[in-house]
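Colleague: I would like to go through the pockets and the ligand site with you. Please show me the model.

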Amino acid sequence: MNILLLGSGGREHALAWKISQSRLCSKLFIGPGNPGTALCGTNVDLLPTDFESIKKFCLSNKIEMVVVGPEEPLVNGIVDFFAENEELESIPVIGPTAKGAQLEGSKAFSKKFMKKYNIPTAAYREFDLTNYEEGITYLKDHALPIVLKADGLAAGKGVIICQSYVEAMAEYELMLQHNKFGEASRKIVVEEFLNGIELSVFVLTDGKHYVLLPEAKDYKRVGEGDKGPNTGGMGAVSPVPFADHVFIHKVEERIIKPTVEGLLKEQIPYKGFLFIGVIKIGDEPFVIEYNCRMGDPETEVVLPRLKNDLVELFVATSEGKLNSARIQMDELVASTIVAVSRGYPGSYEKGYEIKGLDRTYPDQSLIFQAGTKSDGGKILTNGGRVLCVTSFAETIYEAVDKSRDVLEHIEFDGIYYRRDIGFEFL
Ligand code: AMP
C-alpha cells in the first residue's frame with residue numbers, strides 16, 4: 001500500500017520509522033518531512049494544510065492511505081475534504097473529522113463535551129465580549145491560581161496560569177479586548193487550577209472501539225528540575241511508574257470509554273489518535289486537555305514500545321474493526337531526550353551543521369530528527385527542537401543514560417539538552 005504521512009517533526013520521523021517497518025507498506029511518502037524521515041521513505045514538497053496539492057499528489061501517486069501527524073490539517077477538515085470528494089473518498093485518512101478535532105481545536109467545545117458526558121475535569125466557565133463584565137466578577141471570586149485558556153489553537157501558548165488577581169485581570173483583558181492570541185482568544189475558558197502529577201494517555205479509536213497505546217510522561221520545562229519556561233517538550237519516558245493497572249483502569253472507565261461513547265452519541269466520526277492529557281490527583285484521574293493527534297516528544301517513546309504493525313492497526317481503524325486488535329507493548333522502558341538550539345524556547349539561530357548523526361550507535365538507541373534540514377551532504381539545524389534520542393533499557397535510569405551517551409557524540413553550535421529526564425523516578 002502507498003502511504004502519505006503529513007508533517008515534519010520528531011513525531012513524524014517516529015511515525016515514518018514505524019510505518020516503514022509495516023508488512024503492508026510498499027511506498028511511504030512524507031510531506032514535507034525532514035532529513036530524518038527521508039531515511040524511511042520519500043520526502044515530497046507538500047504543506048499539510050494545502051489540501052488541493054495533497055489531492056493532486058494522492059491521485060497521481062496512487063496513495064491508498066493518508067496519516068496526519070499535526071493537528072492543524074485535522075482542525076481545518078482534511079478528513080472531511082477527503083470524505084466529500086468523489087475522487088478521494090476511498091482513501092482512508094487517519095485522523096478525526098473537523099468536528100472531532102474540535103476536542104483539541106476548541107477548549108469550550110471540549111469542556112462542554114466533558115460536562116455532558118460526566119468526564120472528570122476542572123470546573124470552568126466560558127467568557128467572551130458578550131459576558132465580559134460577568135467574567136470580571138467571576139475572576140474576583142475565583143481561588144488562586146486561576147487558569148485562563150484561549151478557546152482556539154494558539155500554537156501551544158494559549159494557556160496562562162495566573163498566580164495573582166492582577167495578573168488574571170490583565171491577561172483576561174489582553175485576551176478578550178486586545179486579541180492576544182488573535183481569533184483563538186475571542187472566547188476564553190476560565191478554569192480551576194488542578195494540583196497533581198500529569199501524564200499523557202494515547203488511544204487509537206475507530207469511533208466505536210479503541211485500543212490503548214503505551215502511556216508516557218513528558219517534560220515541558222526547559223531547565224533541569226522542571227524549572228524555567230515551557231517548551232514543546234524536552235523529553236519523555238514510557239511507561240509511567242505511577243500509572244499502575246488500577247489507575248489506568250480508572251482512566252479507561254471514567255475517561256476513555258465515556259469519551260468514545262460520547263463521540264458516537266454525538267455522531268462525530270473519529271478514526272484516529274486521541275491523546276488525553278491526564279492529571280492524577282491523589283489516586284483519581286482528571287482530564288487537562290484532549291488532543292486529536294499524537295504528542296511530541298511522546299510519540300518518540302510510545303511507538304518504539306509498540307510491537308504491533310502500525311499500518312495493520314490503521315487498516316483496522318479505517319474499517320471500524322479495532323475490536324479485533326490486541327496491543328502488544330515492549331516490556332522495556334523507553335526514554336527520549338530532546339536536543340534544542342541555544343535560546344529555545346525564546347529566539348534562537350538556525351543553520352548550524354549537526355555532526356555525529358552518521359556514527360554507528362548501539363541498537364537500543366534511535367535518533368529521531370525534528371528541526372533539521374539538509375544542505376548538500378550536510379544536515380543543519382532548522383528549528384528550536386532539533387532532534388531527540390530515544391533509548392530502551394530495563395530501567396528509566398539506564399535508558400536515560402544510554403541517550404545521554406549518544407548525545408555526547410552529537411554536536412552542533414549551541415546544543416542544549418536536559419540531562420535529568422525521568423528525574424523523579426530515578
Ligand atoms: P493545555 O494546553 O490545556 O494542555 O495546557 C497546557 C498545560 O497547562 C498543561 O499541560 C498543564 O500543565 C497546564 N494546565 C492546563 N490546565 C490546567 C489546570 N486546570 N490546572 C493545572 N494546570 C493546568
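Colleague: What makes up the lining of the second largest pocket, by class?

Modeller: The lining has 11 nonpolar, 2 polar and 6 charged residues. Ala, Val, Leu, Ile, Met, Phe, Trp, Tyr, Cys and Pro count as nonpolar, Asp, Glu, Lys and Arg as charged, and the others, Gly among them, as polar. A word on the source: this is a predicted model, where local features need pLDDT of at least 70, side-chain atom pairs count only at pLDDT 80 or more, and totals for chains, interfaces and linings use all residues. Residues are numbered from 1 along each chain as its sequence is written, and side-chain values use heavy atoms, with hydrogens and water left out.

Colleague: Why is a space called a pocket, and why is another called a cavity?

Modeller: Both come from a 1 Å grid over the protein atoms alone. A cavity is a set of points where a 1.4 Å probe fits but cannot get out. A pocket is an open set with protein on both sides within 12 Å along at least five of seven lines. Lining residues have an atom within 4 Å of a point.

Colleague: What volume does the second largest pocket have?

Modeller: About 390 Å³. A volume is the space filled by probe spheres set on the points, with grid points joined across faces, edges and corners. Of its 19 lining residues, E215, A243, H245, I248 and M329 are the closest to its centre.

Colleague: Which residues line the largest cavity?

Modeller: Among them are L103, K107, K149, E191 and E289. The volume of the largest cavity is about 60 Å³. By class, its lining has 4 nonpolar, 1 polar and 6 charged residues.

Colleague: Which element gives the most to that lining?

Modeller: α6, with 4 residues. Helices (H or I, at least four residues) and strands (E, at least two) are DSSP runs, numbered from the N terminus.

Colleague: How do you know which residues surround the ligand?

Modeller: A residue is near a molecule if one of its heavy atoms lies within 4 Å of it. The count is 13, and the closest are E191, E192, L194, E198 and E289.
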